[in-house]
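I opened the model to look up two things.

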Amino acid sequence: MKTFEYERATDVASAVATLDRTPNAKPLGGGTNLVDLMKLGVERPDLLVDVSRVDFGGVDELPGGGLRIGAGVRNSDLAAHPLVRTRYPALTRALVSAASGQLRNQATTGGNLLQRTRCTYFMDTTKPCNKREPGTGCGAIAGLSRELGILGVNDLCIATHPGDMAVALAALDAVVVFGTVDGEQRLPIDGFFREPGDDPTRDTNLPAGALITAVELPALSVATNSTYRKARDRRSYAFALGSVAAALSVDEAGVVTDVRIALGAASPVPWRARKAEEALVGSPATPASFAAAAQLELAAATTTEQNAFKVALLTRLVVGVLSELAGLDHEADDTAEGVDPSPFRPTGANGAHRHVAADVGPASGTGTADATDTEGNPA
């Protein structure tokens, strides 16, 4: 590990001032991702600014019914908060589907947003990776790409955002609040994360020297009927192969009046499925409509031989999640037009079907059935 300086901040102003005057400085909260990357030689900061004792505030109600979540709120505390569980169940579900209890007790809201991809080529300094070392190429495109992105990717980078929390936040129209030397600023979460473009090294549009201080959630009536579902190879020690956060409102005639959908493990960013949403509003709440909307969204997918299965997987996840929220028996409706009736399972080395574990608890639940996953969220 490269040697570095260490400084403990006492408040947001001092932390931002230090980060601003030191170009290669990183904020340190729980450290569950940053420290690992430093050990691997992927992250090499000159200075760590410890913000773990800065008071960012807790989970506070905003005028109108929204919430402000301080950047230092631990993932476990956020998932268990009564206002989050009742008003934004998709967020609770996403949080408890990630990491282990120990890691959720350490990881912070602000750090979670800044976690970096777990692409094999990014994590291994002996391999080519434009995100880590510009100009070396993307080894994953012709290499190991099964877990990587199919939307918003290009020939420079096909990495995926690895998180769960941010996928739920994307579906819930969250706003990221951050401090700079010029004062507090905000970015909608769609504008916070960035696709690779011509500079894959940048995961977000957070300005240099800025520090995330909070996340704000607007009051959304549709959010009370929301959930998060995650498919992966196993229920522990595995990141998502595909995930969906969604919220749905259906009128008495069975017509969709409001819907929010975000896809995880599909893109370098938490992918807001706006084409699918637009297609669904005013349409009947049926598995066939859900499948058609998902397929419309995924028509733009750019796949490799190894990750092409994600199109079918994400389609089925969208159908399953929206059917659950609509109160439909989606298992019985899996043979609806446009939905592959046979469970899609990537094959293993011996040609046998691989099992893909999906979290399928009720929308109102906390998702504790999957609280054993030990993938790390950062701080």
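**Salt bridges**

I counted 21 salt bridges in the structure, a salt bridge being a side-chain nitrogen of Lys or Arg within 4 Å of a carboxyl oxygen of Asp or Glu. The model is predicted, so local features need pLDDT of at least 70 and side-chain atom pairs count only at pLDDT 80 or more, while totals for chains, interfaces and linings use all residues. Residues are numbered from 1 along each chain as its sequence is written, and side-chain values use heavy atoms, with hydrogens and water left out.

I noted the general point that side chains of opposite charge can pair when their charged atoms come close.

**K2 and D46**

I found a salt bridge between the side chains of K2 and D46, at 2.6 Å from N to O. K2 lies in the segment before β1 (5-8) and D46 in the loop between α2 (34-40) and β3 (47-50), so this pair ties together parts 44 residues apart in sequence. For the names I used DSSP runs numbered from the N terminus: helices are H or I with at least four residues, strands are E with at least two.

I then looked up accessibility, where buried means under 20% relative accessible area, exposed over 50%, and partly exposed in between (1.4 Å probe, protein chains only). K2 is partly exposed at 24%, and D46 is partly exposed at 35%.

**R146 and D233**

The side chains of R146 and D233 form a salt bridge of 2.8 Å, N to O. R146 sits in the loop between α8 (120-123) and α9, and D233 in the loop between β9 (226-232) and β10 (242-250), so the pair ties together parts 87 residues apart in sequence. I read 15% for R146, which is buried, and 22% for D233, which is partly exposed.

**R272 and D173**

R272 and D173 meet through their side chains in a salt bridge of 2.7 Å, N to O. R272 is in strand β12 and D173 in the loop between α9 and β6, 99 residues apart, so I wrote this down as a link between distant parts of the chain. R272 is buried at 9%, whereas D173 is partly exposed at 27%.

I also noted one network, in which salt bridges that share partners join K26, E43, R116, K131 and D203.

**Positive phi**

Most residues other than glycine have a negative phi. Which value does phi of D173 have? I read a positive phi of about 60°, although D173 is not a glycine. A265, also not a glycine, has a positive phi near 60°. I found A265 in the loop between β11 (256-264) and β12 (271-272), and at 7% A265 is buried.
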